[in-house]
Structure formats: C-alpha cells, structure tokens
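Let's take a friendly walk through a protein model together. Keep the sequence and the 3D view open as you read.

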Amino acid sequence: MSGTPARLVADAIASALAAARAGVAYGVPGGGSLDLVGALDEQGLRFVLTHGETAAALMASAGAEVTGRPGAVLVSRGPGAASVVNGVAHALLERAPLLVVTDGAPAADADRVPHQRLDHAALLGPVTKASVRIGADGAAALARAAVALARTPPAGPVHLDAVLDLPSDALDVPAAPAAGSVAAVEQALASATRPVVLVGVGARGAGAAVRELVAGLDVPVLATYRAKGVVPESGPHAAGLVTGATIEAPLLHAADAIVCVGLDAVELIPAGWPYAAPVVSLAPWPTRDAYLPLAAELVGPLAETLPLVRPLLAGARWERPGRAFREDALARLVAPAGTRISPHALVREARAAFPDAVATVDAGAHMLVAMPLWEVEAPGEALISSGLATMGYALPAAIGSALARPRRRVVCLTGDGGLTMCLGELETLARLGLPVTVVVFADAALSLIEAKQGPGQGGERAVRTRPVDFAAVASGFGLPAWRATDRASLANALAIAAATPGPSLVDALVDPASYPDVLRAIRG
C-alpha cells in the first residue's frame, strides 16, 4: 500500500494535521478515503465515523473552536461532497479552521464516467477560503499550506480534492494582515468618557489581553454570542450580549464611543446600525463590510494592539457598572409562573444541575433564553452557530466539544426541530460514551418562525409538526433517557442525568407561550 498515489496523498494530509496538533477527524468515508483513515491512525490521530457529513463538519468545527487547532472532515465524492456543504458554510461564517477532504474523480475518467461526478470546486469554492486539487506530486507542500491557510485570520475552511492522477495545485498563504494607526484611534476616542467595548469572535484567542484592556477601568463590555465568556460574566464589566438587536440599545445609545474588539459583522442580525457614537475597530483581520460606520480601524494581533489603546479608555466615567446593565436586560426576560416547563425554567434548572458544564445551543427560539441565562466565565463554555445560525448544530457540537476536552461535561440545549435534523448522531454519542446530556426543548414547532408568523403565511402547516417521544427514540439508540412534563419531573430527570456519568437525554415538554414576549424583549 505504501508508495501508491492514494497513500502518498493520505500521508501528506495526515502529517500536516499531526504537525498542527489536530486530534480528531470526522466523516463518512468513501472508498477513496480509507487510506486517509489509515494514515491518521499511524499519526496518532483519531477518526470518528458519523451518520452525516454536515454533522461531521460541525463536530470538527466545534473541536477547532475550543482548542484553537484545525479540525478535519473527510467525505466521499459526489453525495458526500454535496452533503457536507452546510457544515463547511458554518466553519466559514464562524471563522473556524477546518480542512475538508473529498475523494476526487480521476482526471483520466472525466470524459467517460459521469457516475457521482460533480464539480467539487464549484460546489465548495463559495463556502471555503480555497478549493484546490491535491495529487501525489506536491502533496506534502500543499497539505501544509492548506492547514496554514485555514488558520490564517480570519480562520476558515480549506478544501482539498484528491485527484490522484494530476499534480497538486499551488496555494498561496497570505501574511497576517496589519493596517491602521494608533493616531486615528486616539483621535476617535479623544473626548470619550462613556466608551463601551463590544467583544466579538476575533477576540476569542486573546482573552487575557481583552481582560487586561478593561481591568480597573469603568468600561462596560458587551459580548457577541461567539465571544461569550471572553470577559467573565460574573464580573463587574460584563454588561450582557450584543446581537444587533434592541435589548442592548439603552447602553449603546448612552455611549459616546463604541470600541469593537474582534467584532465581525457576520455575528450580528441583519438590522440597521442606529447608534451615533463613533465606532473604532480593533481586530486581527480587516472589516470587509460596510455595516459598521468605522471612525478608525487598527488591524493586528490583539495582544499587541490592545495595550496601545488601554490608556485611551482611562477617562471612562459611567454612573453604573456594566453588570447593572446586564441585570436590567435579564429582568426584561420575564419568566412565566406555574408548574408548566417554561424555556426560562428549563435553562435555569439545567444550569443548576450542571454548574460546571459547557453548553452547546441550537438555533431556534430557545437560544434567545439560553444564551443570556447560561452564565459563563471563559470562552468556549457556550457554543452556538451565530454567523450561519444553522439548526442541527448543538448535538454535533456537543460531541466535538466533548472529544476535544474529555474532562468537561457538556449540556446540549436543542429544540426538537434541530435535533431531528441530526438524530442519527445520538448513536454516535452513545457509541463514543461521551459525558453529554441532551436537553430537548420539545414543543413540536419551529417556535422562532412561528413567533414571527403573521396572517396569510401558511398557518400551522408551515411551522408545526407531530410530537415526538424523544426519550423513547434516545432509548432506542442506547441512551438513558427521561421525559419531563412539568417542573417537578424536570428537576428529577435533570438530577438523575447529572448523576449519570456517560451520555443521556432529557425530553422536556416546553410551554412555548412566552416566546413572543422574549422575542419582543430582545429584538423589539
């Protein structure tokens, strides 16, 4: 086997991943991927078989997010490449380093074998930083360059198409970007006495520098979903979340300067920017969108740029600490009373049962409650798809996070719609025996869409499904599972799950009545 074109390519990719300390690769292999599985084994890297290609990419992206090292996903040609697209798009918009390897069709067969033949570059090119052909000739250099490009800010996915009878493409890796001047930032902040810091995805790897930026200063900090925990949420600076919605508006309207640290416009919902204060961006990569009206921008490693800016914030004088603004925002998320399970009660009960756990949160109405209420102290303790905001994220992300950090318990907070999109991965979870508790917000509806729905927009048939007994389904996959129908049975189920060392599932029948009020409180 050694020395064949397939093995040379496989060895090159596995060696490049091993050099980058990537620990796990995921996927659904085709016949052409098996050499790579063997090469990964020889390099001491683990391969995890999944039930779907998009789930594999989401697992790899979550692992990359919490370790800072590149993830890897390998799939077959044709249907495998088509199926992985959504997961790759997630990595692109979430700025996660990911290597995507597809079996390519031999060039010699291009004219005579149409079976499973798709233009992989045309398919994956729009959702990757680069899509290139890798062959035995030049494979080692290209694999190393692909990993380097995936990690270059902004991080993202790079696609390698294994076409064994052609030489490898060339791939340029740009230098880390740097631009702007401290003088322009100084001018924009010269008279600021009420600056607010907005922390985004680009700050996740520079938490110490961000905390030092505001330490001892009277500066409130808002974090995006992806930057949650960069500044500890129990501390005095944490003023809540920023999503481009209205719940953070009182603080930002009161500001006389807005300092964005690693903020990427992809993290914010597509609403207008209504704030008059000058906006300064400090980030590891340039702002490419016109969304933020920048008065100044400084691009470079945050560990180097933030100490230069700290003296410019020394004049901050707010009447209230940042924590007070967060408490105001949380008070607007009024929880309904009663014995039925509200989304608020479910999040609070789960947090109490798992005080040290990481949370993965799926897209849907429940995220509007889960993200504010699940308080964290460090980045990577609450994971969510924010830039792409894809459903079907939380369970794969929980698996990827648990494999990347084996000693951390994970709670997967998912709606029933998101879970059914990746239901087969319950078997993956059971097979791996990971310490993950899946908590299902079960209401048989696309509740976020239903809360937005108006007359003449399809009614229930557009947003409602049949109820599913997820506890019974999970049991069929080999997971301990319990169903909760009220607050008392919820507390009991979560207590048992917390005492269960391996994987489990709690199927909670949630009352969705409060979601419209939550949506109004957060987004207006």
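**Pockets, strands and rings**

Helix α3 (residues 53-67) gives the largest share of the lining of the largest pocket, three residues. Keep in mind as you look around that this is a predicted model. How much space lies in the largest pocket? The answer is about 640 Å³. Its lining is made up of 29 residues, and V201, G202, R204, G205 and W285 are the ones that lie nearest the centre. Sorted by class, the lining of this pocket holds 17 nonpolar, five polar and seven charged residues.

A pocket is open, so let's turn to spaces that a probe cannot leave. Rolling a probe the size of a water molecule over the atoms shows where empty space is left. Searching the whole structure turns up two cavities of 30 Å³ or more. The largest cavity has about 70 Å³ of space. Around it you can find V199, V221, L222, A223, G229, V231, E233, A238, A239 and G240. Two elements, β9 (221-223) and β10 (238-241), each give two or more residues to this lining. Seven residues of the cavity lining are nonpolar, two are polar and one is charged.

Next, find strand β3, which covers residues 71-75. Is this strand mostly covered or mostly open? It is mostly covered, with five of its five residues buried.

Because 10 of its 11 residues are buried, α15 is largely enclosed by the rest of the structure. The buried residues are A394, L395, P396, A397, A398, I399, G400, S401, A402 and L403.

Our last stop is the aromatic rings. How many aromatic pairs does a search of the whole structure find? There are three. One of them joins W273 and Y291 edge-to-face, at 6.1 Å centre to centre and with 70° between the planes. This pair links distant parts of the chain, 18 residues apart: W273 is in the loop between β11 (257-261) and β12 (279-283), while Y291 is in the loop between β12 and β13 (294-299). W273 counts as buried because its relative accessibility is 16%, and the cut-off for buried is under 20%. Y291, with a relative accessible area of 22%, is partly exposed.

W318 and F325 make another edge-to-face pair, 5.8 Å centre to centre with 85° between the planes. Both W318 and F325 are buried. F325 has a further neighbour to look for: R320 lies over the face of its ring, at 5.1 Å from the ring centre. Finally, return to W273 and Y291, which ring pairs link with Y275 into a cluster.

Technical notes
Residues numbered from 1 in each chain as written. Predicted model: local features only at pLDDT ≥ 70, side-chain atom pairs only at ≥ 80, totals over all residues. Heavy atoms only, no water. 1 Å grid on protein atoms, 1.4 Å probe; cavity = no way out; pocket = protein on both sides within 12 Å on 5 of 7 lines; lining within 4 Å. Points joined across faces, edges and corners; volume = space filled by probe spheres on them. Helix = DSSP H or I, 4+ residues; strand = E, 2+ residues; numbered from the N terminus. Nonpolar A, V, L, I, M, F, W, Y, C, P; charged D, E, K, R; others polar. Buried < 20%, exposed > 50% of the residue type's maximum accessible area, 1.4 Å probe, protein only. Phe/Tyr/Trp six-rings, centres within 6.5 Å; stacked < 30°, edge-to-face > 60°. Lys NZ or Arg CZ within 6 Å of the ring centre and 35° of its normal.
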